[in-house]
Structure formats: structure tokens, C-alpha cells
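I opened my notebook to look up the overall build of this chain. Here is what I went through, starting with its surface.

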Amino acid sequence: MRKKIPSTAALLAFEAAARHQSFTRAADELALTQSAICRQIAGLEDFLGVALFRRTRRGVQLTEAGESYGRQIAPRLDALERDTLSMMAHHGAGGALELAVVPTFATRWLLPRLGGFQAQNPEIVVNMSTQTRPFLFDQTEFDAAIYFGDAGWPGTEAHFLMHEFAVPVCSPTLPGAREGMAPAEVALLPLLQQSTRPYAWRQWFEAAGVEAARDMAGMRLELFSMLAQAAIERMGVALIPPFLIQQELAAGLLMTPCRRSFPSTRAYYLIVPERKAERPALTRFREWLVATAHSAAGTMAPTATEV
């Protein structure tokens with residue numbers, strides 16, 4: 001049976017008009033006439049049996065149905081474009097991987113090492129987009145994800161990469177901060193909280209045997225990069241794994257007032273959907289990433305005196 005799918009030309013015209021809220025600007029973007037855009041959208045509305053735009057004196061405005069349809073088709077058209085560009089770039093070899101990543105880990109740990117993988121596998125391109133929360137692979141075009149948390153995603157394989165060993169860090173000029181502080185003294189400093197690890201400070205103080213009345217108080221930020229910048233700006237002390245802020249530590253922008261650390265209860269994993277697990281390009285990337293992470297893990301764990 002023939003699928004009930006509108007023409008690509010009609011969908012592209014609608015997506016551009018919906019994004020710009022203008023037939024004229026859509027025509028300019030697609031190098032068409034305004035009348036051609038009108039015809040494509042009119043044909044699409046006839047095909048759907050639904051009005052997508054309402055015509056006003058000031059131009060056009062999306063109907064509620066138009067807004068809903070626009071939200072649904074835009075990511076599908078983006079995915080179609082990515083697939084097409086990948087096919088064109090690799091002549092059908094399918095050498096592109098779409099990877100969801102947690103941003104600071106990707107920027108500070110993965111990217112500096114990725115050149116080694118690309119040198120060994122020049123026909124494989126790794127594209128990355130940031131995702132900080134779990135998601136359903138069936139609703140995305142991602143081939144895999146690097147995620148910090150628990151491994152139990154339905155319908156996936158999880159490959160352990162490494163634990164975190166976060167330590168307190170702050171600006172050397174933060175009032176009251178100095179090297180060699182005891183955990184109880186750190187509790188008196190303003191604390192910077194990470195929204196994706198809301199109990200990190202509480203767990204750190206508990207591991208140190210300290211009761212901190214304000215262990216959940218303080219500014220909340222989502223990313224390690226945000227925490228690091230807030231700490232540099234003397235807003236407080238943050239818990240950050242040193243391997244993510246080596247540049248700031250080496251430059252003296254951040255220092256460690258207390259070297260006590262503890263392993264995170266959660267970890268970094270490579271999450272692979274089962275239906276894509278045997279894809280050759282993904283298999284090679286997985287093998288390289290797991291081996292690279294495990295070889296680097298020993299250099300990131302604290303010494304016994306720091307725990």
C-alpha cells in the first residue's frame with residue numbers, strides 16, 4: 001500500500017514558512033517565488049484536510065494544528081538531511097556515528113583523545129550533540145550515548161567507562177579558602193551545587209564523617225563548566241573531578257582547598273541500543289572508547305591519602 005506521505009517539496013515549504021511565520025521569507029530561503037510557496041502549502045493543507053495557517057492582514061499565522069505539525073516534522077526533516085549528508089560523504093559506506101554526550105566530559109576528556117580514533121579509522125566520522133538526561137533511542141537518530149548515571153536503560157547495552165572522583169575546588173582568592181582545609185572547614189564556605197548531582201555535597205560530607213547543616217544550600221548549576229566558572233568568579237566552592245578542569249588548575253585559576261575525594265556511586269557509560277549493537281562502525285568506536293577509558297582510569301583515581 002502506498003504510504004500517506006506528502007511531497008518533500010511541500011514539507012520543506014511548510015517547515016520554512018512555519019519557522020519564519022512568513023511565506024516571503026520562506027521563499028527567499030528556498031530560492032522560490034512566494035506564489036510557489038503558497039501553492040505548496042495549499043496542496044499540503046488539501047492533502048491533510050487541515051488548515052495549517054490562518055491568513056491575516058499582517059501576513060500569515062500558524063493555526064494550533066500547524067504549530068503541532070511543525071514541531072513534529074522539523075526534527076524528521078533534520079534527520080533526513082543528516083542521513084543524506086552522511087550518505088553523500090561516505091558514498092553509502094555508512095561511516096558516520098551520531099553520539100549523544102554529556103558536554104563537559106565530551107569537551108575536556110573525549111575530544112582531546114578522539115583524534116587517535118580518527119587516525120585509526122579515517123572513514124568513520126563521529127558527530128556529537130549534547131544530552132544531559134536519559135532519552136528513548138527510538139525517538140532520536142542517535143547511535144549511542146555517553147551518559148553519567150545508572151546503566152539500566154531499557155533495550156540497551158551499557159559499557160562501563162569510569163567513575164568520578166570529585167574534589168572541592170575554588171578560586172585561590174575566595175574569602176576563607178586555603179589549601180589544607182579540613183572537611184568541617186569546607187562546610188563553612190559557600191557551596192556550589194550541581195543540579196544533575198543534587199546530593200554530591202551531602203555524600204562527600206558523609207564520607208568525611210562531617211555533619212554539614214547547609215550541605216544542600218547554594219547556587220545550583222547544571223554543567224561542570226558552569227560550576228568551574230562560578231568557582232573562578234569566587235561564588236563558592238564546587239565538587240568537580242580534577243580531570244575535567246586540568247587547564248584551570250594548571251593556570252592557578254582554581255585550587256583544591258581539601259584533597260579528600262570519594263568514588264561516585266554512579267559512573268560514565270557508553271549506552272548502545274541493542275538494535276544497533278552489531279553495527280561495524282559503532283563496534284569499533286565502542287572498543288576504542290572502552291579501552292581508552294579503562295587505561296586512563298588509573299590516572300584519575302585519587303591516592304589513598306586523598307580518600
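**Surface, shape and cores**

I began with the surface: the chain exposes about 16,500 Å², and carbon and sulfur atoms supply 53% of it (Shrake-Rupley method, 1.4 Å probe). I kept in mind that this is a predicted model, where local features need pLDDT of at least 70, side-chain atom pairs count only at pLDDT 80 or more, and totals for chains, interfaces and linings use all residues. Residues are numbered from 1 along each chain as its sequence is written, and side-chain values use heavy atoms, with hydrogens and water left out.

Next I looked up burial: 46% of the 307 residues are buried, meaning under 20% relative accessible area with a 1.4 Å probe.

For the overall shape, I found that the C-alpha atoms fill a box of roughly 75 × 50 × 35 Å along the principal axes.

Then I turned to the cores (buried Ala, Val, Leu, Ile, Met, Phe, Trp, Tyr and Cys residues joined through side-chain atoms within 4.5 Å). The largest nonpolar core has 45 residues, and Tyr-268 and Phe-285 have the most contacts inside it. Helix H10 gives the largest share of this core, eight residues (helices are DSSP runs of H or I, at least four residues, numbered from the N terminus). A second, separate core holds 20 residues, including Ala-10, Ala-26, Ile-41 and Leu-44.

What is Phe-285 in contact with, leaving aside its neighbours within four places in sequence? I noted Leu-97, Leu-99, Leu-114, Phe-117, Val-126 and Leu-270, with contact meaning heavy atoms within 4.5 Å.

How values were computed:
Buried means under 20% relative accessible area, exposed over 50%, partly exposed in between (1.4 Å probe, protein chains only). Helices (H or I, at least four residues) and strands (E, at least two) are DSSP runs, numbered from the N terminus.
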